Amino acid sequence: MQAYLVGGAVRDSLLGLEVKDRDWVVVGATPREMLSKGFKQVGSDFPVFLHPGTREEYALARTERKQGRGYHGFTVYSAPDVTLEQDLKRRDLTINAMARTEGGELVDPFNGRRDIDDRKLRHVSEAFAEDPLRILRTARFAARFHPLGFTVCDQTMALMKGMVASGEVDHLVPERVWQEFQRALHEKAPEAFFEVLRDCGALAVLIPEITSSAVFTRAMAALRCVHNRADTDTEERFAALLSSLDEPVALARAKALKAPNDCQNLARLVTAFTPQLRNSDPHNPEADALLNLLDQADFWRRPERFSQLLNVLECTLSADFPPLNLLRTASKAATGVEPKALLAQGYKGKELGDAIRHERLERIRDAIAHTKD
Ligand code: CTP
């Protein structure tokens, strides 16, 4: 049997990037031989094993044929007669379809090296079209390697357009789509992910509401701004993406994408707050209205989420948007009201609630009066 280093490790070392995981393909072996050498079998779909020492993944060379639609129905054929080249041929992109022998020699039957040099994302074979998830993967690699100058080559773009037109993207399960979205939102140039999806038509299936040119431009600007801030999380990035939609539309889309609840909630808040802040008059701020917004955001119990909300709104409305500054001032002013102190004064039940609200209102009134000075 022969083991070859494959996939991302070969690609990333040629790009001079840090190699995180090393995956191997084994040619000429049976599961029984692998087990007898101390490998542990993992996963039931394919014959994949963990090396007893390094814990790296070793997969037996295999071919895959598509049977059904979407991401279901692959028939896997794995046997000692499957060659390395056959295994590489079933892969998505040429830059992912190279191998290295244990001696370090590059095995590159599909010219991945040339595409690395030319900065091209190119499909290995027509079998690319058998797996619609590859459209999202290709877009994600475009987002990751955009700073290095990579683009999707014309032939692959044409193939992806054909896949979208034949309805392949409609059959992707939301969980897999979300997984790719989540990863793409954290790549170096997340806009490139959505540009590729837009150009091949997949965006019109996955998030049709942001495909029009004006909305798309705003969504990308918001995403870029949030991305440029240090340490922003998935919730903030996702909310920025949907930020120029109306609240019910954004929420329905977030649900359809099966985004996690925290992502749905932040998208809902951002889109609910945007028109309210836009329509408020910063010259005549009302403490009541500001307190209502803080209640609406559940600021008292979810202060971290409130700061995520401000982070996104600073990007979509601009950092020095006066109503946003007032909201921030109000939140700081109202923070210090201690229910404990009011309890000690004998307040309880509804009276306690009223006293807390009253105290918060007073503090907000005071603080916004000072901003006018
Ligand atoms: N692959 C594929 N089609 C898919 C998923 C994976 O062809 N739908 C192939 C690619 O050749 C890829 C390899 O399987 O290189 C391993 O997949 P994965 O670990 O997801 O990607 P990596 O290329 O290792 O990239 P990453 O750096 O994101 O882990």
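This is a predicted model: local features need pLDDT of at least 70, side-chain atom pairs count only at pLDDT 80 or more; totals for chains, interfaces and linings use all residues.
Residues 24 or more positions apart supply 66% of the contacts in the protein chain that have a separation of 6 or more, where contact means heavy atoms within 4.5 Å. Numbering starts from 1 along each chain as its sequence is written, and side-chain values use heavy atoms, with hydrogens and water left out.

As for overall shape, the C-alpha trace of the protein chain spans about 80 × 45 × 40 Å along its principal axes. The radius of gyration is 26 Å, whereas a compact globule of 373 residues would come in near 21 Å; the radius is taken over C-alpha atoms, and the globule rule is 2.2 Å times the number of residues to the power 0.38.

Of the 373 residues in the protein chain, 48% are buried. Buried stands for under 20% relative accessible area, exposed for over 50%, and partly exposed for what lies in between (1.4 Å probe, protein chains only). The accessible surface of the protein chain is about 17800 Å², and carbon and sulfur atoms own 48% of that surface. Such areas come from the Shrake-Rupley method with a 1.4 Å probe, and for residues only the protein chains shown count as cover.

Now to the ligand. There are 13 residues around it, of which Arg-11, Asp-92, Asp-131, Arg-144 and Arg-183 come nearest; a residue is near if one of its heavy atoms lies within 4 Å. The shell is made up of nine charged residues, three polar and one nonpolar. Here Asp, Glu, Lys and Arg are charged, Ala, Val, Leu, Ile, Met, Phe, Trp, Tyr, Cys and Pro are nonpolar, and the others, Gly among them, are polar.

A polar side-chain atom of Arg-137 sits 2.9 Å from a ligand oxygen, and an N or O atom in the side chain of Arg-134 is 3.1 Å from a ligand nitrogen. For Arg-91, the distance from a side-chain N or O atom to a ligand oxygen is 3.4 Å. On its own the ligand has 570 Å² of accessible area, and the protein covers 76% of it. The elements giving two or more residues to the shell are α1 (8–14) and α5 (133–145), with α5 giving the most, five residues.

Some loop residues round out the picture. Asn-96 lies in the loop between α3 (84–89) and β8 (99–101), and it counts as buried because its relative accessibility is 4%. Its side chain makes a polar contact of 2.7 Å with that of Arg-11; a polar contact is a pair of N or O atoms within 3.5 Å, and within protein one must be able to donate a hydrogen and the other to accept it, while residues adjacent in sequence count only if both atoms are side-chain atoms. Leaving aside neighbours within four places in sequence, Asn-96 is in contact with Gly-7, Arg-11, Arg-91, Arg-137 and Phe-141.

Arg-122 belongs to the loop between β10 (120–121) and α5, and its side chain is joined to that of Asp-115 by a polar contact of 3.0 Å.

Methods: Helices (H or I, at least four residues) and strands (E, at least two) are DSSP runs, numbered from the N terminus.
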